[in-house]
Amino acid sequence: MLEIELRNIYDFIKPDELNSSKGNVKSANEMLLNRKGKGSEFLGWLDLPSRTSEDEINKIINSAERLRSMSEIILVIGIGGSYLGARAVIEALNGNFRVLSDKKFPLVLFAGINLDEDYHKELLDILNDHDYSVIVISKSGTTTEPAVAFRIIRKHLESKYGKANSRKRIVAITDKSKGVLRKLADEENYESFVIPDNVGGRFSVLTPVGLLPIASAGFDINKLIDGARESERICKLEFENNPSDLYASARYALYRKGKVIEIFATYNSRLIYFAEWWKQLFGESEGKDGKGIFPASVNFTSDLHSLGQLIQDGCRNIFETVISVESYRHTLELPEDEDDIDDLNFISGKRLGEINKMAELGTSLAHREGGVPVINIKVPEISELTIGFIIYFFEKACAVSGYLNDVNPFDQPGVEAYKKNMFALLGKPGYEDLAEIIKSKL
Ligand code: PA5
């Protein structure tokens with residue numbers, strides 16, 4: 001379901017050099033499996049696909065059906081790991097215009113992903129005119145952005161449907177006992193799901209955090225989990241046949257050669273949000289203790305006309321990871337034109353997919369020859385099954401990568417810095433001293 005091709009890195013890293021990290025990769029895997037490495041209290045994701053029961057999946061499907069039955073719009077409130085996975089999968093499976101062409105399923109919108117006044121006001125204006133329900137997600141139950149959005153939306157729901165009815169339109173996904181959201185959910189009697197203690201935010205897409213929004217959008221979460229289960233099996237194989245090990249060792253070897261920026265490149269517009277999920281997964285997991293590859297992303301061929309120059313010719317500290325999707329859902333050929341004024345008849349009759357493929361092959365070669373190693377990850381198609389597979393593959397590769405760099409891939413201490421400053425500036429009780437210090441620096 002997924003193939004790693006490394007031939008476009010061998011000008012930079014010899015196969016022997018890759019094999020030399022085999023021992024380190026093996027130790028990283030052992031630390032994961034024996035639950036002996038840093039952050040081992042957050043390894044619940046490791047066997048999550050195989051542990052997920054039919055009952056759990058059915059409970060999620062039932063909840064999604066209930067929400068769908070009363071909603072034109074399902075609003076998902078959450079940020080970071082409580083948002084990006086669901087959006088990545090929904091956008092990948094939705095296709096580009098499904099929201100316009102298929103009215104069978106509700107439109108899934110997102111809130112709590114910023115503190116943008118216009119965004120939230122414009123959202124309320126839309127919600128005035130449509131029936132909607134809300135999935136509010138926060139593991140800690142205290143994150144500012146979703147908490148702010150949820151307060152605004154709760155008031156809106158109450159004024160639109162009344163207090164009692166609005167409660168039926170809210171599903172909370174949070175910790176089993178901690179945090180304000182849990183308190184609210186219990187007091188207001190919202191339907192709720194638990195985020196397991198041992199699964200961190202960015203590793204939580206295969207828990208109700210991702211599964212409920214994805215099922216609400218009308219996708220088959222059984223197949224998603226099946227794909228992830230197969231990935232769990234494959235990503236345990238020995239090094240040579242283990243795509244997550246090969247990927248982790250290739251990027252580690254490149255990092256050690258000074259390639260400190262990894263660009264996730266896709267030629268498929270459905271994967272733009274998948275890149276956002278991937279960036280968070282690797283960025284938040286690896287970027288600590290002064291270490292880490294900076295994860296960036298591009299959508300080709302569009303970005304060849306914006307960032308292509310820099311990738312081809314700029315500072316040689318980057319490598320590229322290309323996700324190649326081998327087949328398309330639809331067929332579209334470039335038509336013949338008698339006059340050929342646009343000089344395109346040399347490719348008329350060709351499928352756009354083939355033209356895109358040639359763009360991909362040509363670009364990868366040009367980048368490699370320009371000093372940018374390219375890791376190719378091939379998947380046969382975009383479907384629930386393959387997306388489930390890729391999710392687990394990247395999670396496993398990310399954990400191994402963290403251990404290769406001797407960091408804890410499962411914490412995010414750096415995220416607290418901006419929050420403290422923001423709370424101090426907003427006058428949160430308890431932050432008075434810090435507020436004084438900050439104000440003197442501004
Ligand atoms: O990966 C993580 O842990 C973070 O990105 C969190 O998901 C993010 O900060 C949101 O946190 P919470 O779910 O507690 O609101």
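In the predicted model, the shell around the ligand is made up of one nonpolar, nine polar and three charged residues. These 13 residues surround the ligand, and the closest are Ser 82, Ser 138, Ser 140, Thr 143 and Gln 280. Glu 284 places a polar side-chain atom 2.9 Å from an oxygen atom of the ligand. On its own, the ligand has 380 Å² of accessible area, of which the protein covers 87%.

The ligand sits in the largest pocket, which has a volume of about 880 Å³. The lining of this pocket consists of 31 residues, and those closest to the pocket centre are Ser 140, Thr 143, Gln 412, Glu 416 and Lys 419. Two or more lining residues come from each of β4 (132–138), α8 (144–161), α14 (272–286) and α18 (416–425). The contribution of α18, four residues, is the most that any element gives to the lining. By class, the lining of the largest pocket divides into nine nonpolar, 12 polar and 10 charged residues.

Ser 140 and Thr 143 are listed both among the residues closest to the ligand and among the lining residues closest to the centre of the largest pocket.

Methods. Residues numbered from 1 in each chain as written. Predicted model: local features only at pLDDT ≥ 70, side-chain atom pairs only at ≥ 80, totals over all residues. Heavy atoms only, no water. Near = heavy atom within 4 Å. Polar contact = N/O pair within 3.5 Å; in protein donor to acceptor, adjacent residues only side chain to side chain. Areas by Shrake-Rupley, 256 points an atom, 1.4 Å probe, with all protein chains shown as cover. 1 Å grid on protein atoms, 1.4 Å probe; cavity = no way out; pocket = protein on both sides within 12 Å on 5 of 7 lines; lining within 4 Å. Sits in = over half its atoms within 2 Å of the grid points. Nonpolar A, V, L, I, M, F, W, Y, C, P; charged D, E, K, R; others polar. Points joined across faces, edges and corners; volume = space filled by probe spheres on them.
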